[in-house]
Amino acid sequence: MIELNHIVKTYQTGDETLIALNDISLKIEKGEFTAIMGPSGSGKSTMMNILGLLDRFDSGTYQLNGKDVSDLRDNESARVRNKEIGFVFQSFNLMPRMTILENVELPMVYAGVPAKERKKRALKALERVGLGDRVKHKPNEISGGQKQRVAIARAIVNNPSVLMADEPTGNLDSKTTIDILRIFQELNAEGTTIVMVTHEPEVAIYTKRIVSFFDGSLQDDRLQKPEIL
Ligand code: ADP
Ligand code: MG
């Protein structure tokens with residue numbers, strides 16, 4: 001499903017070049033639930049932004065579902081991203097002026113789905129994450145855990161082939177964290193491939209594979225039997 005070969009990503013600040021990712025090769029198969037781990041600054045978010053087609057890289061190749069997406073033009077990468085990838089952020093990134101329902105409909109607006117179908121699918125996704133009764137609320141009227149569930153509904157509403165999440169539980173308390181991880185495990189059991197960044201070992205135990213980064217390099221990669229929620 002995902003195949004990265006020899007990815008290098010640098011950041012230029014003034015006359016300094018920082019190597020954020022140093023020759024990363026990684027394969028992720030359909031059905032996996034993978035944790036990307038590593039200390040702060042090790043390149044996890046840089047990796048996720050590349051996987052999510054939110055950022056470009058200097059060299060190497062990226063294949064997504066058999067298609068080379070290494071060098072797409074901006075409009076093309078936006079299209080592939082909207083169709084194939086659901087992305088969840090640590091800070092939720094909901095649209096504050098829109099209702100919860102409208103937030104979840106947004107990816108379908110971009111995909112050109114007709115209004116009636118949009119509403120139907122958005123409601124179904126919100127029910128899927130246990131928020132079917134909050135659809136008319138605005139984001140500032142619900143809790144952090146509920147916001148993240150809205151963000152997950154928005155991320156899965158176009159039936160993406162992969163769900164990506166960068167520290168999705170980083171702003172949540174431990175009980176709410178478990179609620180979110182349970183939803184991820186359920187989605188994964190239903191066939192959704194998930195890649196999730198976390199620096200917390202107590203979060204990573206619920207995944208099937210841990211890929212560890214250190215200083216921009218891939219340091220470790222191991223399968224594990226997940227704790228089931
Ligand atoms: P992590 O998510 O593991 O904390 P990041 O991928 O955010 O790590 O960052 C990796 C390295 O790249 C860090 O040294 C960070 O300071 C640097 N970095 C990240 N984003 C930028 C940027 N936009 N400009 C310059 N340096 C950056
Ligand atoms: Mg990060």
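**Exercise 1.** Which residues have the most contacts inside the largest nonpolar core?

*Solution.* Keep in mind that this is a predicted model. Start with the core itself: the largest nonpolar one holds 60 residues. Inside it, Ile36, Ala153 and Met164 have the most contacts. Next, look for the element that gives the most to this core: that's helix H5 (residues 144-156), with six residues. As a bit of background, nonpolar side chains in soluble globular proteins tend to be buried together.

**Exercise 2.** Find what Ile36 touches, leaving out residues up to four places away in sequence.

*Solution.* Take C-beta atoms within 7 Å as the cut-off for a contact. Ile36 then touches Lys44, Met47 and Met48, along with Val195, Met196, Val197, Val211 and Phe213.

**Exercise 3.** Work out the order of the strands in the four-stranded open sheet.

*Solution.* Going across, you get E2-E1-E4-E5, with antiparallel pairing. Now check the edges: strand E2 (16-28) and strand E5 (67-68) each pair on one side only. Then zoom in on one pair: strand E1 (residues 2-13) and strand E4 (residues 59-64) are joined over five bridges. Leu4 sits opposite Tyr62 in E4.

**Exercise 4.** Describe the shell around ligand 1 by element and by class.

*Solution.* First, list some members: Tyr11, Thr13, Leu18, Ala20 and Lys44 are among them. Second, sort by element: E1, E2 and helix H1 (44-51) each give two or more residues. H1 has the largest share, three residues. Third, sort by class: you'll count eight polar residues, three nonpolar and one charged.

Note on methods. Residues numbered from 1 in each chain as written. Chains lettered and ligands numbered in written order. Predicted model: local features only at pLDDT ≥ 70, side-chain atom pairs only at ≥ 80, totals over all residues. Core = buried A, V, L, I, M, F, W, Y, C linked by C-beta atoms within 7 Å. Buried ≥ 20, exposed ≤ 12 C-beta atoms within 10 Å, placed from the backbone. Contact = placed C-beta atoms within 7 Å. Pairing = 2+ DSSP bridges. Near = placed C-beta within 6 Å. Nonpolar A, V, L, I, M, F, W, Y, C, P; charged D, E, K, R; others polar.
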